[in-house]
Amino acid sequence: MNSTQRRITYSLILLLGLAWTYISADKTGSSTAGQIPAPQRGFLAPDFELKTLRGETLKLSNLRGQAVLLNLWATWCPPCRAEMPAIEKVYKDYKDQGFVVLAVNMTYQDTFANIAPFVDEYGLTFPILLDETGMVGPLYQLRSLPSSFFIDRDGIIREVVIGGPMAEALLRTRVEEILK
Amino acid sequence: MIETFRSLFAPPRHFILLIAALWVGLSLAEKRSERHGACKEQLNNLTFYALIAYVAGGRLLFALSNLSAFEQSPLSIFSPNPDLFDPSGGLVAALLTALIYGQRQKLQFWGTLDALTPLFAILAIGLHLAHLAAGTAFGSPTTLPWGIDLWNATRHPAQLYELLASLLILGWLWFRKSDSPPGLLFLTFAALTAGARLLLEAFRGDSTLVFGGLRVAQIAAWLTLAVVFFVSETIRQQRKEN
């Protein structure tokens, strides 16, 4: 291919590229903004209703208007234990700005008798929810513990952190983002 | 099969795929290094220093852009948590380090990039595999029979499209005749990768949109393609004049 043929080919490719960019534009907006519930960034947080350790019932969708950290954990999980003090500290610092922590214990994989002593040991003041039937794990496609979902005031998941322990600075940056 | 793969390499295990890609890519780059006038040891050092700069630079820039969070917990800077990271900052740090190392060692710019091209091609494959495992970079909803169930919808297997494109690009680059001037191997890889992105971004369900729905990644890929064509033509002209 000589220089002229190459230049014509390049120009044709670029013109086709421009046409394809225009034709394939997403004029309806991003497909993830369709309010489909799924445990992924940009999607609506799947809703659930669970009992707390104190016996009250809490529904995730009732917390719209507040920024939520949904933390899935178990007492036997070392990184879950390691990140709890930082979560408690950050919760205390931001709760007045509308920040809520929902710590869902995977009770169906845990020993119920260990939960209350764990909460006392770490002095946790946020709600501890009990997933006794294994409803939330599959709903959030749980593959590793701990798993954390940062949900904004509109109920949209803004960040997912799989594994741990989360550093305090990471918690602060993510919480400040969902509080905006 | 996809579900088994996703379970096996679910986050944070998907990082294994990137590390494996780095290792395989570097081995392949070493194998062909002499063909491009590059020394194996220098190639290894360049990759090592760039990698260190990527990790340290990404963490440092993340800390600098979130200073208030780190002021309250300064030890978080040493946390093994990979989310405390600014990928674009890391990339800038890696590029700067590679440039400085290259200048000090008097490495040939285009020859070194050609030698590193297999590494870039394998890293692209590793990245698409990691996306498939994590369910990120997912496709838009579709009714086509090869759609996959992901995030509560049947979607284009966008990660598989991109994986297939990367495998074809690697195959083509690996088996092509190598009588082209220095730089053209890398530029061909860049053009093919940008072309694949331009084509396949249309099937993504997580594109960042501007100006009434245009996809940012497609605009960036088009600009990359234009620059690559211009530079390739300049190299060919220079070779002709010499």
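**Close-up views of a predicted two-chain model**

**View 1. Polar contacts and elements at the interface of chain B and chain A.** Across this interface in the predicted model, 19 residue pairs are in polar contact, with both residues at pLDDT 80 or more; a polar contact is a pair of N or O atoms within 3.5 Å, of which, within protein, one must be able to donate a hydrogen and the other to accept it, while residues adjacent in sequence count only if both atoms are side-chain atoms. On the side of chain B that touches chain A, the elements giving two or more residues are helix 1 (2-8), helix 4 (67-72), helix 8 (184-200), strand 4 (214-215) and helix 9 (216-241), and helix 9 of chain B gives the most, with 10 residues. Helices (H or I, at least four residues) and strands (E, at least two) are DSSP runs, numbered from the N terminus.

**View 2. Extent of the interface.** The contact (heavy atoms within 4.5 Å) takes 50 residues from chain B and 43 residues from chain A. The area buried between the two chains, that is, the accessible area (1.4 Å probe) lost on putting them together, summed over both, is about 3600 Å², of which carbon and sulfur atoms give 58%. In chain B, W151(B), W222(B) and F229(B) lose the most area to chain A, together 17% of what that side buries.

**View 3. Salt bridges between and within chains.** A salt bridge is a side-chain nitrogen of Lys or Arg within 4 Å of a carboxyl oxygen of Asp or Glu, and the count between chain B and chain A is 3. E3(B) forms a salt bridge with R143(A), the closest N and O atoms being 3.7 Å apart. Within chain A, K89(A) pairs in this way with E168(A), with 3.3 Å between the closest N and O atoms; K89(A) lies in helix 2 (residues 78-94) and E168(A) in helix 5 (residues 168-179) of chain A, so the pair ties together parts that are 79 residues apart in sequence.

**View 4. Cis peptide bonds in loops.** The peptide bond from L145(A) to P146(A) is cis, with omega near -5°, and P146(A) sits in the loop between helix 4 (136-139) and strand 6 (147-151) of chain A. The bond from P11(B) to P12(B) is also cis, with omega near 5°, and P12(B) is found in the loop between helix 1 and helix 2 (15-32) of chain B.

**Notes on the views.** Residues are numbered from 1 along each chain as its sequence is written, and chains are lettered from A and ligands numbered from 1 in the order in which they are written. Local features need pLDDT of at least 70 and side-chain atom pairs count only at pLDDT 80 or more, whereas totals for chains, interfaces and linings use all residues; side-chain values use heavy atoms, with hydrogens and water left out.
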